[in-house]
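Subject: Structure handover

Hello,

Here is the structure I promised you.

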Amino acid sequence: MLKKNPIPLVMKDAPMIRHFTDKGRIGISDKLFPTTVVGSYPVTKSVGLRSFLDPLHSAVERAVTDQITAGIDIISDGQVRGDMITVFISQLPGIRGQVVGGKVLPADQPVTLADTRYALTRHPEVKGILTGPSTLAHGLRIGTPLYRNREELVLDLAQALASEARALDKVGVTVLQIDEPIFSTGAADLDVGKKAIEIVTADLKAPISLHVCGELIDVIDGILAIPVSMYDFEFSGSQENLEVVSAKDLKGRLLGYGCVDTADPAVEHAATIEKRIEKGVQVFDPDQMVIDPDCGMRMLSRNSAFCKLKNMVEASRAMRIAYANSSDDSAGSGEFEAFLGD
Ligand SMILES: [Zn+2]
């Protein structure tokens with residue numbers, strides 16, 4: 001099952017899936033079962049002088065530190081500056097509060113760049129994260145005749161987010177994730193959502209990941225029609241998703257395999273998470289799996305979030321060792337060491 005020569009690493013300059021190589025793979029890590037987060041982390045109160053200048057900077061610092069200490073391979077900036085909708089719409093010209101009153105334009109300054117840059121000073125592998133245009137549009141009320149319907153608004157939001165995406169791409173994020181939880185509710189037009197994501201991600205070097213939490217049974221085909229390098233779904237909160245997604249051809253794309261329950265503050269043991277990963281391995285190609293929690297961790301306590309991530313890393317390491325040992329017997333141990341690369 002495990003290849004002796006694993007897929008070569010991080011192809012930061014790799015083309016996106018629409019320019020797939022004939023091997024049909026795009027890697028974001030040299031490890032088997034690499035770990036990441038969906039994005040958000042509990043917001044902690046700031047202390048000290050610096051908090052006068054930037055009250056949330058210490059929350060970013062703690063989120064980054066905790067992820068690194070837990071052993072996460074691809075970290076985030078913690079998304080501590082507000083909820084996933086407000087943090088973007090509050091910065092976009094044309095929007096006031098939750099009402100669209102004029103033409104939506106790009107933010108004057110990239111919204112997430114400074115925190116992403118900070119995370120990159122602490123760790124080499126960082127994901128950039130955007131809330132997708134369809135999800136943002138559904139959090140807004142149209143109060144201008146400029147937009148005849150929500151779909152027109154979605155496409156303008158996509159144009160506005162494209163400059164944010166380019167800024168994140170330029171600083172060298174390992175992967176750019178677009179969050180579209182609205183897709184699983186059935187409320188969004190997935191054809192428009194697809195077009196919007198293509199606008200946001202046009203001409204980027206970073207592989208694109210699409211995060212959709214929730215039940216996928218009614219929307220999976222529409223989601224898999226969206227040309228990204230990686231899909232990120234929840235499999236711990238929704239057992240049914242395993243059946244739904246494994247019945248589909250992922251065409252070699254990576255799969256963010258949500259295996260930590262972010263809706264429940266109780267910390268699951270590493271062994272429990274390991275069992276969930278094993279379930280995934282029975283139906284997906286391990287080379288395609290990226291290990292992460294079901295969703296963001298903003299609503300958890302810091303201790304619960306940290307312990308969940310730590311146990312997830314432990315589970316992933318255990319799986320990596322188990323799979324290396326159960327692979328081709330003729331492979332030398334040196335190769336395994338290189339591959340384990342922890
Ligand atoms: Zn989510």
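Aspartate 203 sits in the loop between helix H7 (190-201) and E6. Helices here are DSSP runs of H or I with at least four residues, strands are DSSP runs of E with at least two, and both are numbered from the N terminus. This is a predicted model: local features need pLDDT of at least 70, side-chain atom pairs count only at pLDDT 80 or more, and totals for chains, interfaces and linings use all residues. Residues are numbered from 1 along each chain as its sequence is written.

Is aspartate 203 buried or exposed? It has 9 C-beta neighbours inside 10 Å, so aspartate 203 counts as exposed. The cut-offs: a residue is buried if 20 or more other C-beta atoms lie within 10 Å of its own, exposed if 12 or fewer, and partly exposed in between, with C-beta atoms placed from the backbone. The phi of aspartate 203 is near 65 degrees, a positive value in a residue other than glycine.

Phenylalanine 33 counts as buried because it has 25 C-beta neighbours inside 10 Å.

**Whole chain**

The chain has 12 helices and 9 strands. Of its 342 residues, 46% count as buried. Take the contacts between residues at least 6 apart in sequence: 74% of them join residues at least 24 apart. Contact means that the C-beta atoms of two residues, placed from the backbone, lie within 7 Å.

**Sheets**

Strands of a sheet pair through backbone hydrogen bonds, either parallel or antiparallel. Here, two strands pair if DSSP finds at least two bridges between them.

- E5 (residues 175-179) runs parallel to E6 (residues 208-211), joined by 4 bridges. Leucine 176 stands opposite isoleucine 208 in E6.
- E7 (residues 230-234) pairs with E8 in the parallel sense over 5 bridges. Aspartate 232 stands opposite glycine 256 in E8.

How many residues of strand E8 (residues 254-258) are buried? The count is 5 of the 5, so E8 is largely enclosed by the rest of the structure. Both faces are covered. Leu254, Gly256 and Gly258 are buried on one side, and Leu255 and Tyr257 on the other.

The other open sheet to look at has 3 strands, in the order E1-E2-E4, with mixed pairing. E1 (95-96) and E4 (141-142) are its edge strands, and each pairs on one side only. E1 pairs with E2 (residues 99-100) in the antiparallel sense over 2 bridges. Arginine 96 stands opposite valine 99 in E2.

**Helix packing**

Axes are lines fitted to C-alpha atoms, for helices over the stretch in contact, and angles run from 0 to 180 degrees between N-to-C directions.

The axes of H10 (residues 270-283) and H11 (residues 302-325) come within 8 Å and cross at roughly 55 degrees. H10 and H11 are therefore oblique to each other. Angles under 35 degrees count as roughly parallel, over 145 as roughly antiparallel, 65 to 115 as roughly perpendicular and the rest as oblique. H10 passes H11 in a right-handed crossing; that is, the near helix is turned clockwise from the far one by less than a right angle. H10 contributes Ala270, Ile273, Glu274 and Ile277 to the contact, and residues on the H11 side include Asn311, Met312 and Met319. By class, this contact of H10 with H11 has 7 nonpolar, 2 polar and 2 charged residues. Ala, Val, Leu, Ile, Met, Phe, Trp, Tyr, Cys and Pro count as nonpolar, Asp, Glu, Lys and Arg as charged, and the others, Gly among them, as polar.

H2 (residues 57-70) and H4 (residues 113-122) pack at about 40 degrees, with their axes 10 Å apart. That makes H2 oblique to H4.

Best wishes
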